[in-house]
Amino acid sequence: MTRPLSDFYTAGRLVPAFFNALAIAGSSVGAVVFAGASGAVDFDWQGTLVLLAGAGLGLVLAGVLLAPYLRGYGGFTLPDFLAERFEAETMRPLGVFGVLLCSFPALAAVMLAFGLLGQAVFAIPIWTGVAAGGVLILVATLLGGMRSLSLSQLAYYAVMLLAGVVAVLAVLWQTGAPAAMDTLLVDEVVPSLPWKPFAQTSPVNSFALLFCLAAGMASFPYLLMRSFTAPDAVDARAAFVGAPVFLVLLCLAGPALAGLYEAASIASGDPLSMIAEAVLVVGAVAVLLSTGAALALCMGNVLSYDLYFKGIRPAAPVSRQLFAARLAIVATLGLAGAMALKWPDETMAGTAAAFSLAASAFLPVLVLGVWWKRLGGEAAAAGMVAGLIVCLYYMIAPQTIPFLFYESSSFLSDATQVQTAAYEALRQNYYVAADAAAQGAVLTKWKASVQPIANWFGVHGALAGVFGVPAGFLVAGLAGLFTSAPSAGIQRFVESLRAKPVWRS
């Protein structure tokens, strides 16, 4: 039960680029699927192309701009890098908060998916499926940490790839032709989830989704933590740049997989149905475990290392640190499972928001922290806070204070003249209503009229990262110009990070 800290947190920094690329691709599949399953797109060719393009671009950006330099730092966690880079311990709890804010909703979605899968395939209560998923994630993470997770993710990728091959062969056997992309009827497979493809019918939201996927994948802590496991900066870059290839390889079998899962074929009881159900269970469990275990370990590591060891008990022995890490993993899984059971619809909606939260919190401060040596701790904190505030404001305010939101920024709304006229007429009717009953009736209509136009340029709330990321860059950049520069030692440290080779000679 007691291992070296480097084993638990970074797998001894011994994971080669090829294996790391497989692990990154495998754990990215769940994130991509959940981004679509939150209602952003339909799983036809157009929606799938947006998801893959955003995810692939994000992984390449991470490999080019961040991963090799994080590995060059040689720490254990993302908040640890922020605290050391900016010589500010205030960046550590801020980093922990950012990790939890973007990772927890995604882990809750994984737990919910375990429950829905168990209910659909085995007819068991959702809570039983959630509990079973939690146990499987603990098996993959609790004893060996990152070392056992790395080995597990290689197995998960192999299982996902095998499931895809079996699905393709089964569809060819049944139909004699490959499955078309329009068979990706995930909304029919999981009919209990609301399905409103808000991004697919809007060019603005299609661009915002692509942006948030790319920025989110480039800065998601549970993916970036794999850069710490590479032997050197060259392997770290190669792993992230190569991961999209293996991600696309898995997704090529998507139409065949979804084609097998249609309710009619699964219920028919023929041999193909039995194969379909087996492939469904094995492949889906592998996807969920690869993503869920990485998320749980990421949060457990930052809670134990940055919050407990660096904040509460700096003198804690290795055994106590590892105990804290394992306890944190158990706690995050329990809370995520409880959230999934209590608020299932909100859990799925929060999954799309996780990309925006990750990008708004980390992308500006990480990119500027690596590539602009003058950026100091005060400016970095200001940029991080500004990005999160703008992102959270746009996610929450249109739902909770739609009148104030619209009135304060109506010039940014995509409201048509008809919608604006209807809003103004209802507002006037509200204030001249004869009695409280009439006023209440008008208020109901007034609220219904403001909800669709309480936006900026028509962007969906879950894609708030399209505003949060620029805000973070802008505030950090301006604050960096007008606040004191970091010490000469820190500036030399940043230069040394970029001076190390990141390409194979």
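Close-up 1. With a relative accessibility of 3%, Asp-80 counts as buried (buried means under 20% relative accessible area, exposed over 50%, and partly exposed in between, using a 1.4 Å probe and protein chains only). Please keep in mind that this is a predicted model, in which local features need pLDDT of at least 70 and side-chain atom pairs count only at pLDDT 80 or more, while totals for chains, interfaces and linings use all residues. Residues are numbered from 1 along each chain as its sequence is written, and side-chain values use heavy atoms, leaving out hydrogens and water.

**Close-up 2. Arg-92 meets Asp-80 in a salt bridge.** Their closest N and O atoms are 3.0 Å apart (a salt bridge is a side-chain nitrogen of Lys or Arg within 4 Å of a carboxyl oxygen of Asp or Glu). Because Arg-92 sits in helix α5 (residues 91-122) and Asp-80 in helix α4 (residues 78-85), the pair ties together parts that are twelve residues apart in sequence. Helices here are DSSP runs (H or I, at least four residues), numbered from the N terminus.

**Close-up 3. Arg-92 also forms a salt bridge with Asp-306.** Here the closest N and O atoms lie 2.7 Å apart. This pair links distant parts of the chain, with Arg-92 in helix α5 and Asp-306 in helix α14 (residues 271-312), 214 residues apart. Both Arg-92 and Asp-306 are buried.

**Close-up 4. Arg-427 and Glu-424 pair up within helix α19 (residues 417-432).** Their side chains meet in a salt bridge of 2.3 Å, N to O. The two residues are three apart, about one turn of the helix. Arg-427 is partly exposed at 26% relative accessible area, and Glu-424 is partly exposed at 32%.
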